[in-house]
Amino acid sequence: MGGCAGKARRDDEDKLDFKGGNVHIITSKEGWDQKIAEANRDGKTVVANFSASWCGPCRVIAPVYAEMSKAYPQLMFLTIDVDDLMDFSSSWDIRATPTFFFLKNGQQIDKLVGANKPELEKKVLAAADGSSSK
């Protein structure tokens with residue numbers, strides 16, 4: 001139940017469709033800043049999934065992540081493709097994909113490395129419980 005490390009990417013590979021549920025795909029630093037500001041304004045905890053389209057475990061966890069985004073509307077679910085935003089991802093010290101960060105008021109409160117479904121569900125539930133619902 002690990003993650004992917006390395007940059008073995010084939011251009012002919014299908015782009016993984018990370019969309020689905022209420023997941024917001026982040027394609028720029030500006031987009032990230034905008035969503036973080038929105039979450040802070042609404043008092044939402046952010047779940048950020050640093051993922052890669054070529055990564056097997058990322059593909060497996062993506063539909064689970066999308067389902068969670070529908071189940072927990074009090075959280076904001078973001079997905080960042082590390083290949084699209086390499087500089088940004090390296091600033092988060094991403095060593096393997098997927099890596100999930102949990103942020104409240106822009107501060108990291110939790111982290112999970114790897115496509116560990118039970119652990120992700122546990123952490124998302126904890127974040128949802130700690131989130132102020134309006």
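**Exercise 1.** Which residues point one way from E2, and which the other way?

*Solution.* This is a predicted model, where local features need pLDDT of at least 70, side-chain atom pairs count only at pLDDT 80 or more, and totals for chains, interfaces and linings use all residues. Residues are numbered from 1 along each chain as its sequence is written, and side-chain values use heavy atoms, without hydrogens or water.

- Start with one face of E2: Thr45, Val47, Asn49 and Ser51.
- Then take the other: Val46, Ala48 and Phe50.
- Check burial (under 20% relative accessible area, 1.4 Å probe, protein chains only). 7 of the 7 residues of E2 are buried, so the strand is largely enclosed by the rest of the structure.

**Exercise 2.** Find the strands that pair with E2.

*Solution.* Strands are DSSP runs of at least two residues, helices (H or I) of at least four, numbered from the N terminus. Pairing takes at least two DSSP bridges between two strands.

- E3 pairs with E2 in the parallel sense, over 7 bridges. Val47 faces Phe77 there.
- E4 runs antiparallel to E2, joined by 5 bridges. Phe50 stands opposite Thr99.

**Exercise 3.** List the contacts of Ile80.

*Solution.* Contact means heavy atoms within 4.5 Å.

- Leave out residues up to four places away in sequence.
- Ile80 then touches Ile26, Trp32, Ala48, Asn49, Phe50, Ser51, Leu85, Phe88 and Ser89.

Note on methods:
Buried < 20%, exposed > 50% of the residue type's maximum accessible area, 1.4 Å probe, protein only.
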